[in-house]
Amino acid sequence: MIPRSWLYVPGHRADRIGKAIDSRADAVVIDLEDAVPVGAKDRALDNAIDALRAAPPDRDIWLRLNAIGSPWLEAELAALATGPTPAGARLPKSDDPESVAATAQRLDCPVHAIIESAAGLLVAPQIARCHPRVTGIALGEADLAADLRVEPSGLTWARGWIVTAARAAGLSSPVQSVWTAVDDPAALAETSRAGRAQGFFGRSVIHPDQIDIVNTAYTPTAEEHDRACRIIDRAAASMAAGESAVLDESGKFIDPAVVANARVVLDRAQAAAARGVRA
């Protein structure tokens, strides 16, 4: 099941890791990178390994590793080679397909390459195809905006590019980047709905109060679910009757692409129901 909410938690804070694992987030991302001070990197890795060993087997726990070329990545890769396997790893500051592929080769789990620079954005299609373990790409929007010298509102084209690169490579829809204004839930909801419309699925969050908002935004509504059911039923009935032209209740033409999108809606609604959290 594809997660909707991905809760980041600092790896050096063992007390917060436990709370994050017990939260309503679909997935937990133990952060070994930006949220961890240099002097606490070893402790963060130890905490992450302990959490992976102790967590329920069906809990989606990912690690955000340190960047390629950093002095801490080697220790992280070595620990994962002999220790427990996370649900996946996020690889920040991915900007070179060969380096990403070499790192993915050393991991025994899915890898999400996080694009955070102009250089990474240019080669995003190559990164998306660089190794079978790379199952997703996404944007790190704060670093990307700084590198491009644009405002966050100026990243609309980059979001479209990353969605295109992911889907062209046959990957899942990208995970939307974090909303940093924890005290503005209305904007989080609005931008999450916009992200879903733009082709993202799921969103990284940095505070437990953001979880339900994102889960709701990325769960099909009852109306969307019912409409998808009607589209599929009409298409099936028309096919059984040997009809080639299918119209929905409002007179709009239903073609195979419309049916495919309806199936995506039903799959996502089913996944949300299986997680026990309905919007």
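Student: Which residue forms a salt bridge with Glu 141?
Tutor: Arg 159 does, with the closest N and O atoms 2.8 Å apart. A salt bridge here is a side-chain nitrogen of Lys or Arg within 4 Å of a carboxyl oxygen of Asp or Glu. This is a predicted model, where local features need pLDDT of at least 70, side-chain atom pairs count only at pLDDT 80 or more, and totals for chains, interfaces and linings use all residues. Residues are numbered from 1 along each chain as its sequence is written, and side-chain values use heavy atoms, with hydrogens and water left out.

Student: Where do Glu 141 and Arg 159 sit in the chain?
Tutor: Glu 141 is in helix α7 (residues 141–148) and Arg 159 in helix α8 (residues 156–168), so-called distant parts of the chain, 18 residues apart. Helices (H or I, at least four residues) and strands (E, at least two) are DSSP runs, numbered from the N terminus.

Student: Are Glu 141 and Arg 159 buried or exposed?
Tutor: Both are buried. Buried means under 20% relative accessible area, exposed over 50%, and partly exposed in between (1.4 Å probe, protein chains only).

Student: How many salt bridges are there by this rule?
Tutor: The count is 11. One of them pairs Lys 93 with Glu 33, the closest N and O atoms being 2.7 Å apart. Lys 93 is in the loop between β4 (88–91) and α4 (97–105), and Glu 33 is in the loop between β2 (27–31) and α2 (41–54), 60 residues apart.

Student: Why does Glu 33 count as buried?
Tutor: Because its relative accessibility is 5%. Lys 93, at 35%, counts as partly exposed.

Student: OK, new topic. How many residues does helix α9 have?
Tutor: Helix α9 (residues 185–198) has 14 residues. From first C-alpha to last, α9 reaches 20 Å, close to the 20 Å expected at 1.5 Å a residue. The expected span is 1.5 Å times one less than the number of residues.

Student: Which residues of α9 are buried?
Tutor: Ala 187, Leu 188, Ala 189, Ser 192 and Gly 195. What covers them includes β7 (203–205) and α10 (211–217), where contact means heavy atoms within 4.5 Å.

Student: And what follows α9?
Tutor: Gly 199, whose phi is positive, near 115°.
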